[in-house]
Amino acid sequence: MRFDLTDLRLCLLVADAGSITGGAERAHLTLASASARIRGLEETLGVALFMRHRQGVIPTPAGRALLAHARRVLAQIEQMRGELGEYAAGLKGNVRIASNTVAMSEFLPDLLGAFLAEHPNVEIALREQTSPAVVQAVLEGAADIGIVSDWIELTGLETVPFRQDRLVVVTPPGHALAALHEAHTPREVAFVDVLDSEFIGLPEHSALAEHLDGHAKRAGRPLRYRLRLRDFDSLCRAVAAGAAPGIVPLSAARRSAASLDIGIVPLSDPWALRTLVLCVRERDALPVYARQLLEWLAAPVAANENGTT
């Protein structure tokens, strides 16, 4: 029995997208071609790989088994590609990263840009996910490297410290919380004590928004949003214009405060000060480019970079 690598990649993309249409788009295939490939593979194997339903598809038990093998096969191909790339120009290596909002927005752009500049034969697929989803992606082989907060369960993964991340409230001029920022000795504020306010926030399904919404629900007082914006810089601009406070990483707050009139009040809750970690299933089993990127990201940073140590 022979397997086509294109079919294996397509199955992974379909499972990831939750639909044959989405998988076909990511594989740059027509829907008819993608459907024919999956149907042909199912006929060859004599078993259904996906259950079709109105919202899309989900893998059958046989499909999940195939996906697990496909991930291992394609990871081995990437490892071979990376190692051969040491000797032959023109081969491309691809590294898949799953990251939470803060790392993706605040730390990765400069680091990944510099890495790509030094490694012209590497491509990086970067996806924003919540910390639990990142861990699942790494465990299942859907991501080579994950970046999560250390509060999440990481059993079965190898981890390396990455950065520290402190969440703060950014306040408009004249807001009641601004007095805490302007005090001679700035004070912290508990998350539960700001829940009477309306907020400027990130999109509903962003990792940080889901994280904050979870803590608010546990406190029995859901967050109320006047506006949601796609990134920290836009959020801080709306705050400075007087709309409402917001919650962002300290690094983003300090960057915006250099040009905007906003207050910065740290959250006192233990969960607001988090260590971000890099996680992988097995460092030695990573393709060579993924190992190089892991080492690049794990390299020590100067003390107090981005307002943290």
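**Close-up 1. Packing of helix 9 against helix 10 in the predicted model**. Helix 9 (residues 232–240) and helix 10 (residues 250–257) pack with their axes 10 Å apart and at an angle of about 55°. Helices are DSSP runs of H or I with at least four residues, strands are runs of E with at least two, and both are numbered from the N terminus. Axes are lines fitted to C-alpha atoms, for helices over the stretch in contact, and angles between N-to-C directions run from 0 to 180 degrees. Helix 9 and helix 10 are therefore oblique to each other, the term for angles that are not under 35 degrees (roughly parallel), over 145 (roughly antiparallel) or 65 to 115 (roughly perpendicular).

**Close-up 2. Residues in the contact of helix 9 with helix 10**. From helix 9, F232, D233 and C236 meet A252, R255 and S256 of helix 10; contact means heavy atoms within 4.5 Å. These residues divide into 3 nonpolar, 1 polar and 2 charged. Ala, Val, Leu, Ile, Met, Phe, Trp, Tyr, Cys and Pro count as nonpolar, Asp, Glu, Lys and Arg as charged, and the others, Gly among them, as polar.

**Close-up 3. Lining of the largest cavity**. Strand 7 (198–201), helix 8 (207–218) and strand 9 (246–249) each supply at least two residues of this lining. The lining residues, including F199, L212, Y225 and I247, divide into 10 nonpolar, 2 polar and no charged.

**Notes.** Residues are numbered from 1 along each chain as its sequence is written, and side-chain values use heavy atoms, without hydrogens and water. In this predicted model, local features need pLDDT of at least 70 and side-chain atom pairs count only at pLDDT 80 or more, whereas totals for chains, interfaces and linings use all residues.

Notes. On a 1 Å grid over the protein atoms alone, a cavity is a set of points where a 1.4 Å probe fits but cannot get out, and a pocket is an open set with protein on both sides within 12 Å along at least five of seven lines; lining residues have an atom within 4 Å of a point.
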